[in-house]
Amino acid sequence: MKLPDHFQKRVGMTTVGVVCCALAVGFFKCSSFGVDPFQCFAQGVWGRFFADFSSYGVYYMVLSGVMLVVDLFIARSYMGVATLVNMFLTGYIVDFAVWAINSLWPEPGLVGRIVFLAVGVLVMCFASSLYMTSNLGVSVYDAIPIVISEKRKWPFRFVRIGCDLLCVAIGALAGLLPGVGTLITAFFMGPLIEFFNQRFSRPFLFGTAAKGDASH
């Protein structure tokens with residue numbers, strides 16, 4: 001089987017991207033400014049409908065499995081090793097990140113929490129750009145705005161904002177009010193991912209000629 005072009009770079013980008021994305025979630029959680037948009041949806045629905053029947057971990061694995069089945073029909077080309085890593089290993093990395101951050105910076109003040117939020121958002125967007133561009137698989141949620149953007153020929157940044165806001169709205173209707181960090185992420189994650197795509201990830205993978213490529 002022929003390997004994709006720049007395969008070693010892709011593997012490196014995927015590995016760094018997935019790990020850093022999980023570490024970023026740890027910073028995000030330690031900021032206590034709310035969860036990211038997809039978690040707002042997932043946790044809100046769990047709290048309203050499923051909390052009495054299952055743990056969040058079991059529910060989240062089932063939810064991810066259902067979304068994976070849907071993605072196999074609509075976004076099969078974006079499923080890969082990174083998808084499985086996201087589903088099964090991200091939680092452990094996030095738990096480690098939260099433990100490490102709390103050990104190094106226990107009870108951060110407001111300024112510290114703001115720094116955690118800024119680091120979390122920026123690193124999450126940069127890391128998402130890395131593993132999405134590497135094209136060895138994306139998370140079950142990330143695949144949805146990518147496919148919509150491609151099929152409708154709409155700019156990725158606006159599609160991502162729309163999907164994130166929909167997640168926040170569903171989570172809020174289910175009873176989980178979004179925090180400041182949730183809203184910041186909903187509005188800025190799409191544009192920041194596209195910024196890193198154009199300024200770093202695509203040029204790094206394909207060379208400087210790819211810098212202006214506006215796909216995804």
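# Reading the contacts in a predicted model

Student: Where is the place of V58?
Tutor: V58 has its place in helix α3. The model is predicted.

Student: Why does V58 count as partly exposed?
Tutor: Its relative accessibility is 47%.

Student: Why is L72 called partly exposed?
Tutor: The relative accessible area of L72 is 34%. Buried would need a value under 20% and exposed a value over 50%, so L72 is partly exposed. L72 lies in helix α3, which covers residues 56-74.

Student: Which residues make the nonpolar surface patch of about 740 Å²?
Tutor: The patch is made by V58, V62, V66, V69, V70, L72, F73 and I74.

Student: What separates L72 and I114?
Tutor: Their C-alpha atoms are separated by 38 Å, and the two residues are 42 apart along the chain.

Student: How many salt bridges does the structure hold?
Tutor: The structure holds three salt bridges.

Student: What makes the contact of R160 with D142 a salt bridge?
Tutor: The closest N and O atoms of R160 and D142 are 2.7 Å apart. The cut-off is 4 Å, so the pair counts as a salt bridge. R160 is in helix α8 (residues 156-173), and D142 is in the loop between α6 (110-134) and α7 (143-152), 18 residues apart.

Student: How do you know whether R160 is buried or exposed?
Tutor: R160 has a relative accessible area of 2%. Buried means under 20%, so R160 is buried. D142, with 4%, is buried too.

Student: Why do the side chains of D164 and R160 count as a salt bridge?
Tutor: The N to O distance between D164 and R160 is 3.3 Å, and the limit is 4 Å, so this pair is a salt bridge. D164 and R160 are four residues apart in helix α8, which means a separation of about one helical turn. D164 is buried, with a relative accessible area of 0%. D142, R160 and D164 are linked in a network of salt bridges.

Student: What makes E194 and R157 a salt bridge?
Tutor: Their side chains meet at 2.8 Å, N to O; the cut-off is 4 Å, so the pair counts. E194 is in helix α9 (residues 180-206) and R157 is in helix α8, 37 residues apart. E194 is buried at 8%, whereas R157 is partly exposed at 30%.

Student: How many aromatic pairs does a search of the whole structure find?
Tutor: The search finds 15 aromatic pairs. One of them is F38 with F41, at 5.8 Å centre to centre and 40° between the planes.

Student: Why is the pair of F38 and F41 called tilted?
Tutor: Planes under 30 degrees apart would be stacked, and over 60 edge-to-face. The angle here is 40°, so the pair is tilted. F38 and F41 both lie in helix α2 (residues 37-50), three residues apart, and both are buried. Ring pairs link F38 and F41 into a cluster with W46, F49, F50, Y56, Y59, Y60 and Y141.

Student: What makes the charged end of R113 count as over the ring of F33?
Tutor: The charged end of R113 sits 4.3 Å from the ring centre of F33. The distance limit is 6 Å, with the charge within 35 degrees of the ring normal. K9 lies over the face of F204, at 4.9 Å from the ring centre.

How values were computed. Residues are numbered from 1 along each chain as its sequence is written. This is a predicted model: local features need pLDDT of at least 70, side-chain atom pairs count only at pLDDT 80 or more; totals for chains, interfaces and linings use all residues. Side-chain values use heavy atoms; hydrogens and water are left out. Rings of Phe, Tyr and Trp (its six-membered ring) pair if their centres lie within 6.5 Å; planes under 30 degrees apart count as stacked, over 60 as edge-to-face and the rest as tilted. Helices (H or I, at least four residues) and strands (E, at least two) are DSSP runs, numbered from the N terminus. Buried means under 20% relative accessible area, exposed over 50%, partly exposed in between (1.4 Å probe, protein chains only). Patches are made of residues with over 30% relative accessible area and no salt bridge: like charges are joined within 9 Å, nonpolar side chains (Val, Leu, Ile, Met, Phe, Trp, Tyr) within 5 Å. Accessible areas come from the Shrake-Rupley method with a 1.4 Å probe; for residues, only the protein chains shown count as cover.
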